[in-house]
Every structure is written in structure tokens, then in C-alpha cells.
Amino acid sequence: MFLYLSKLLPLFFYPLGLACVSLVIALVTLWKRPRTAAIAIAFSLTLLLFCSNAWIAKSLVRSLEWQNLPSAQVPVAEAMVVLGGATKSAFFPRPTVDLSESGDRVIYAAQLYRQKKAPIIILSGGRIDWRGSGSSESADMATILTSIGIPSDAIVEETESLNTYQNAVNVRKILESRNIKQVLLITSAMHMPRSLNIFQRQGINVIPAPTDFLVSQRDFQELGSTPKAAILNLLPDTGNLHQFTTALKEYIGSFVYRLRGWL
């Protein structure tokens, strides 16, 4: 139940969900309390305009992504851990497993393996039942890795975890069973601050290896590179709204996890 509520309730605090709630209030109060309806409509419009401009969205994303910037030389570890959320299962009409927007995690793990940064790749991720049947996220990642030449005997699958906390708990058991003391943690840069804290709370010696950066230094510099760019980046854009929402999700997730004592 916690897992379901943790996915459902935050939707009403994200910009789109909150704007929809506000518009419903406006619709209900339109005839009897037009002033309240006008305030609700103005709030919805302001919220969406604020959260969908590039200046705000990219600043919020950067506040997370740049907390654990990668070192020039990734150190060698005993294993690497790749968190799920990077694949789309092979349901019709997909001919095979596809990489999602976060698929850089899988490719980065393969690159680090070939650079001999770690001899073992631990893939962590199950499958939430209400999102359909099919193989676990870890199995899907394994399919991608073996298809690009990573040997199957270098891959360890953790197939039960359904959130980041469970990722850490289940991976810790694997590490203890193999007497592994230090790992590289591979996940999206925006997800890294929460993930790193959770794994460290489990007593795991973790080296952050973030990937999938949405905001680069050049992206941020280009926001106001010219007067035209500065104005255009103030205009609403669905991509910016998505980035803002994803970053807000991480902050809300950290708050909830801290309340539960997981951070």
C-alpha cells in the first residue's frame, strides 16, 4: 500500500496535477463564488508558466545533478550497481527490449566494465505489478548488456526491489554474500543524491558514478546567451515542465524517505 500511495499522492503536488485540482475548484465555484474561481484559474496559469520555463526548470534540475559531479578518472571498485528504470520491456510492437530516457545507465555500465573499472555488474530492479507483467527491470537490463557483448557471467540480477530503498537493502545482501566492500553506484545524475544517501545509510561503501545529465554547463550558459534566447526560454514548454516535475519528484521522494528513516 505504501508503494502505491507513494506513487499516487505526489501527483497532486506536481505542477500539472496541482493545476488540474485548482481548475476543478474553479469549475465547482464558478457560478456561486466567481472570485474564488478567478483566483484558482490565475493560480493554475501562473503555476504552469512558472514551472515550464527553462530558467526555473534547468536551475532546479542542476541543483540535484551537480551535487555529485563525476571525477576525471572513475576509480576501480569490486563491483558496480546499476539501478532500474532504464528500459522498456519487449511488448508488441517492440522487437526487443528498448532503452528509456534513462538508458544511459546501462550503456555507461558497459563502458565502465570494458574499461575494467569493476569485474561484476549488479543490476537492481523488479517489476511493479500494476505496470503490467513481464520480465524484471534487471532482466531487461541484462538483455541489453549481453546483446552488446557483456558476458553473462559478469552480471548479477536483483529482481525483487520496487523502489530505491529496496534496491539498497537487497543489494547489500548480495554484497555481503560475496564479501564485496566497495561499489560504483550508477544511476541518473538527478537520482544520485537520494540514491547515494540511501545506500550509505545501509552501510555500503559507495562511489557515485552519475550519468544521464539533463543539464550541461553549456545548456545553462545558453539560457541567456542572447536577448532573444533569454526571452524564448521564459516561454512555456512541455519539456521544461517534465524536467521540473522530475526534479520535484526527487525532492519529494527525499522528504518522504527521510520521514520514514531511510535517509
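Is D140 buried or exposed? I looked this up first, keeping in mind that I am working with a predicted model. D140 turns out to be buried, at a relative accessible area of 1%.

**Entry: the partner of D140**

I then checked what the D140 side chain meets, and found R127 in a salt bridge, at 2.8 Å from N to O. The two residues sit in distant parts of the chain, 13 residues apart. I placed D140 in helix α6, which covers residues 137-147, and R127 in the loop that runs between β4 (121-124) and α6. R127 has a relative accessible area of 24%, so I noted this arginine as partly exposed, given that the buried class ends under 20%.

**Entry: how many salt bridges?**

How many salt bridges does the count come to? I got five. I followed up some of them here, with D140 and R127 already logged as a pair.

**Entry: a pair inside helix α7**

Next I went to E176, which forms a salt bridge with R172. Their closest N and O atoms are 3.8 Å apart, and I kept the pair because the cut-off for a salt bridge is 4 Å. Both residues belong to helix α7 (residues 164-178) and lie four residues apart, so about one helical turn separates them. I looked up accessibility as well: E176 is exposed, with a relative accessible area of 58%, while R172 is partly exposed at 25%.

Which residue forms a salt bridge with E250? I found R194, with the closest N and O atoms 2.9 Å apart. I checked accessibility for E250 and R194, and both are buried.

**Entry: helix α11 again, now against α3**

Which residues make the contact? From α3 I listed L48, F50 and C51, and from α11 N240, L241 and F244. Sorted by class, the contact of α3 with α11 has five nonpolar residues, one polar residue and no charged ones.

Notes: Residues are numbered from 1 along each chain as its sequence is written. This is a predicted model: local features need pLDDT of at least 70, side-chain atom pairs count only at pLDDT 80 or more; totals for chains, interfaces and linings use all residues. Side-chain values use heavy atoms; hydrogens and water are left out. Contact means heavy atoms within 4.5 Å. Ala, Val, Leu, Ile, Met, Phe, Trp, Tyr, Cys and Pro count as nonpolar, Asp, Glu, Lys and Arg as charged, and the others, Gly among them, as polar. Buried means under 20% relative accessible area, exposed over 50%, partly exposed in between (1.4 Å probe, protein chains only).
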